[in-house]
Amino acid sequence: MKERIIIRNLFLLCLFLSGSILFGQTTVTGVVKDAGGPLPMVNINVKGTDKHLATDMDGSFTIKDLDSNAILVFSYMGFKTKEVPVAGKTSLEVVMDLEDNTLSEVVIVGYVGQKKNSLSSAITQVNMDNLEKTKTPDVSQSLQGQVAGVFVAASTGAPGDGIKIRIRGEGTLGNNDVLYVVDGVSTRDITFLNPADIKTMTVLKDAAAGAIYGSRAAGGVILITTKSGKQGVSSITADYYSGIYRAANLPNMLNADQYLTQQDQAWHNTAANDGLGISPYERDRSRTDLADTDWLDELFTTGFSQNYQVSISGGTEKMQYLLSGGYYGMNGIIVGDKDTYQRINFRVNVNAEFSDRFKVGTNFQVSEVQQDKLSSSGDAPGIIRHALLRPPVLSVYKSPSDPTYNPKDPYTDLPFYTGPNDGWSKDYEYTSNPIAIVNYTDDKRKTYQNFGNVYGEYSFLEDNSLKFKTSLGADIYFTHNKTFAENYGDPNIGDVNSEFYGQGRQNRPNSLNENRGESMTFTFSNTLNYVKLFNDVHSVNFLLGAESISNTESAIGGARTRYDNTSSNFRYLDYGSVTDIYSSGAASSWSLLSYFASGTYGYNEKYFLTGTIRADASSRFGPNNHWGYFPSFSAGWVVTQEKFMEKTDWISNLKLRASWGQSGNQEIPNDAFQTMVTNSGGTVNIIRYGNPDLKWETTTQTNFGLDLSLFQNKFSFTIDYFDKTTDDILLAITLPAVSVGVIQPTYVNAGSITNKGFEYAASYRGKIGEDFKYNIGGNLATLDNNVNELQAYLPQIIDEKSHTITKAGLPMNSYYGYKFIGIYQNQAEINSYLHSNTNGVKPGDMKFMDVNGDGEINQNDRTIIGNSVPGITYGINFSAEYKNFDLSFLFQGVSDVDRYNDLKQILNYDSRPFNSTTESLDGWHGEGTTNSQPRNTFENNGGGQVSSAFIEDASYLRLKNIELGFKFDAEKFKMQNLRLYISAQNLLTFTNYNGLDPESTALLDQGTYPQSQSFLIGIQAKF
């Protein structure tokens, strides 16, 4: 009996083993990738069955209960279909071969990824190869000229100064800033990011694409994902470059002889002076202390930068990691090392798979930024402006033999200063010494920031089609700003009883201002994503999500004056005077609660429909309009998938797109809807009336687009037309003082602005022979900006500081002033043109259009004289490889835009004795001599009026970057890659603008730190 049981069990075991061999079932895991790394959402079919699944976002997959002899079919649009026999293996690594097609590329479009061919809204994925060659420390600036419809400009060329980005124009009178989403965490600023850490950038341009981000997406959205590790052998990548910088395209200023000649002419052309007498400028030619200073040459020097970047990455099938560290430092082009910028980054990105269905990960960065800040634009204490204005007859330093010489302050200040009580020349304007401003500036700014997220993802179904993802993001930063204003300059007070007797006239008394702040923003998002392909025909991608964002900020500050000891060790609050103490402190918070959903349906990879909806509740709005709703719809038709296109094989892809959507803007002060009061002595005073009906700005956008690829995708072309209107603009309205007194403005919803335009992008890639490969691309966008309406009690907004007007029927911030039409040549012309010469106009003075025809020039004759909104933006890029050499360049330009050149006005038209450019030498000096430049005089010649004479075409074309590289035979050095390169930036600029930099974003150019030319050399290595 016992033997029978043993025999029976042995028989069953053999039967089981034979069945396992003949009809074996197994679990297979693996990863699908191409030459660039893992491929997400690759379709996998078990051949001969209806079993389908798709790879995860990291390219991995798991198939259970699989016949050990099964054949897996991997298909991915843009890649050749591949069949892989399992052959009893439990782990597979599948490498897909690229077809001449990129439509299958997965693009991150907001919480989820979508195949490029399924996109039906205006979305552009940035070419990262082109981006990496720009060698800019700020990620935002590297987008310049890369994407149609994205305007990028540096506010100034100073290290660390801000970058302005506008997507499809200015849509509001308030905050137009772009929303950035970095690894799922939103922010308004990405200056902390290291460009070397970025893997992809995607620009969501229309509302259909951005509506998923609701109330913060009106200005457009830029999605950024950072690099991660890959399965395989660990690698080390290092990149180093250093460069020099210099100012270029500087104006030609008058030298001392030219300056004195011009001032002498101006003196004789002034009625109050004796036309036959000797001017003080002629007499001063005999001075022994007369200088001939080139102030621009004294101010500008050669800047220097260094960049170090090291990353270590690798991983296994279950875990991938990337560690990176970077340093960027720059000394600007101003003497004295007072305009410096340093950034240190450290990043950790880890993805771990605990099971076939559950994975976790983190993307985390720590950064520290330090900046020594100089005044880079504007008037006081504008260093650039004063370097241009200061007369060349004044020296930089006083002579040690000068009785007023002070070794602690050796700089000249007041013109030919001899002592207080008017002991200086009044014949020269009292400009500041720019070198002294630099030397006595001590403005240090620091930011320490933690940014990143942790996430978990779980797949509910075996085919990974239904996934739940939860993510907690944090953006935490601390700021510390410290400014010491040291007293300097000539002591101009002669009263010995004065508190300030013996002190210089600048920063009197000295002072220290110090403040610290912190900001903490937490983003908690949860999404449920269902992606499935049914019967190889019907594809769906559904998303449900909820998100909460909370922010708290606080700041404290203090200031003191009258420091006896001004050395660096005593520049702290405790060492200042106790008589002048200032302290401050404040805190604020806001929160956003959101629910959203999106769905994309595709039929046979031919027709696509997408819809989204987001509901946002913001603490910045009152109870009457707490919630805002932002829907969108889009549709796409891939025409080349139709049967009637089968024989048109020269057309690789043709897709038509249409979309409509709404997005919002909530960027106003916290609690702006509430009434603010003060309590003074028991009396309650209203200082701002609230508005409980305040609600979101809403931007509605319609977009029509076409995507075309020809000749096996060698040539590609995209065109979009958009119509973007912002309604219910958030305006701060000053209520009538006669009704409510003088109080703070109240926020209301009023006004409407429209932006319309076309966007074009084209590229071609080809090869000549086997060794020469090249790519050429370009983009161009047009923009028509128009104010449709403003508030009933505010029909127009006139800004006297920027010389602009905003009103219905005009572009935003149109320049407003007198139209310059020439120079009065003689008295007869004046008498015939002006019925009333109340301004005392003389021959040689500027002539302005009499708009209303009343024979008098006054405020009623002001009119539109220029447009500050760029009408055309464009970029041209080229790259080529020949054997081990590579070459690339990028041209970027702006056209159809004006700028008010205030610097031109004060240099060449002002009636005060500032220095001037050599253009002023051509001033009017008799009938018929010129009809564009007025006479040199100390009288009013019309040069002080806001007029079209100072409106200049600020269009430009600039060679932003050119780079030449050489790849060594890395195997000889036992390396994966070794490349040496040289690069130049801003090498050429073509423009008719006479200011220092046509790229400056200021409406009023008062003298701006220019974009510098740079020359770099670098090396890249991978081990």
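## Salt bridges and a buried threonine

Glu-829 is partly exposed, with a relative accessible area of 21%, in a model that is predicted. The side chain of Glu-829 forms a salt bridge with that of Lys-847, the N to O distance being 2.9 Å. Because Glu-829 belongs to helix α10 (residues 827–833) and Lys-847 to strand β44 (residues 846–848), the pair ties together parts that are 18 residues apart in sequence. Lys-847, for its part, counts as buried at 13% relative accessibility.

The count of salt bridges in the model comes to 52, and three of these pairs are set out below.

| Pair | N to O distance |
|---|---|
| Glu-829 and Lys-847 | 2.9 Å |
| Asp-707 and Arg-657 | 3.0 Å |
| Arg-516 and Glu-514 | 3.7 Å |

Asp-707 is buried, with a relative accessible area of 15%, and Arg-657 is buried at 6%. In the remaining pair of the table, Arg-516 is partly exposed at 44% relative accessible area, whereas Glu-514 is buried at 12%.

A further residue, Thr-806, is found in strand β41 (residues 804–807) and is buried, with a relative accessible area of 3%. A polar atom of the Thr-806 side chain lies 3.1 Å from the backbone nitrogen of Asn-813. Leaving aside residues up to four places away in sequence, Thr-806 touches several residues, including Leu-173, Val-787, Ile-797 and Met-812.

Definitions and conventions:
Residues are numbered from 1 along each chain as its sequence is written. This is a predicted model: local features need pLDDT of at least 70, side-chain atom pairs count only at pLDDT 80 or more; totals for chains, interfaces and linings use all residues. Side-chain values use heavy atoms; hydrogens and water are left out. Helices (H or I, at least four residues) and strands (E, at least two) are DSSP runs, numbered from the N terminus. Buried means under 20% relative accessible area, exposed over 50%, partly exposed in between (1.4 Å probe, protein chains only). A polar contact is a pair of N or O atoms within 3.5 Å; within protein, one must be able to donate a hydrogen and the other to accept it, and residues adjacent in sequence count only if both atoms are side-chain atoms. Contact means heavy atoms within 4.5 Å. A salt bridge is a side-chain nitrogen of Lys or Arg within 4 Å of a carboxyl oxygen of Asp or Glu.
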